[in-house]
Amino acid sequence: MSEGQDGLSILEHLIPHGFSPPLHFHRMEDEVFHVLEGEFRVRVRDQEHRLGAGDVMLTPKGVEHTYCVESATGGRCLSITVGGDFERFVREVGRPAERPELPAPAGPPSADAIQALKAAAAKFGIELVGPPLQ
C-alpha cells in the first residue's frame, strides 16, 4: 500500500456464510466491492442488491453500506479503496490466519469488543451506524 503514489489498496476477503459487518460508511474513501465467489446481499443506503461472482459495486464515501454472505459455502471478494484508511483499519483489527480454513464461528461480539471496533473504525475514518444484516 505505501509504495504507490495514490495509496491504492486491494484486499481479498474469505468470508463465512452468514457474516455481516455493521452498517457503516467511510468518511475519506470510496469502496469498490468485487465478488469473486459466492452470493452476497449488499445494502447501500436503503436499497438491497444481490451480487454473485463477477459482480462489482461502488459504495461512495459517506454512504451507509453493509453486506451479508448468503452462500452456504461462504464467499470471497475484493475491496478496493484509495487512500489507505480502510487497509490500515483492517491491519489494526485483524490477525494473521492460523491455518488456510476459516475459524469456527465465535458467536456475537461482547460489548467491549464492539466498543473497541467502533474506536478503531473512527481512528481510520469509518463510522459504524447500525447493526449487521440479519
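Two strands pair if DSSP finds at least two bridges between them; strands (E, at least two residues) and helices (H or I, at least four) are DSSP runs, numbered from the N terminus. The model is predicted: local features need pLDDT of at least 70, side-chain atom pairs count only at pLDDT 80 or more, and totals for chains, interfaces and linings use all residues. Residues are numbered from 1 along each chain as its sequence is written, and side-chain values use heavy atoms, without hydrogens and water.

An open, antiparallel sheet of four strands runs in the order E1-E8-E3-E6. E1 and E6 (56–59) are the edge strands, each pairing on one side only. Two of the pairings are tabulated below.

| Pair | Sense | Bridges |
|---|---|---|
| E1 (residues 8–15) and E8 (residues 75–82) | antiparallel | eight bridges |
| E3 (residues 31–37) and E8 | antiparallel | five bridges |

Ser79 in E8 stands opposite Leu11 and is also the bridge partner of Phe33. Glu12 stands opposite Leu78 in E8.

A nonpolar core is a set of buried Ala, Val, Leu, Ile, Met, Phe, Trp, Tyr and Cys residues joined through side-chain atoms within 4.5 Å, where buried means under 20% relative accessible area with a 1.4 Å probe, protein chains only. The largest such core has 12 residues, including Phe33, Val35 and Cys77. E3, E4 (40–44) and E7 (65–69) each give two or more residues to this core, and E4 gives the largest share, three residues.

With contact meaning heavy atoms within 4.5 Å, Phe33 touches Phe40, Tyr67 and Cys77, among others, not counting residues up to four places away in sequence.

How values were computed:
Buried < 20%, exposed > 50% of the residue type's maximum accessible area, 1.4 Å probe, protein only.
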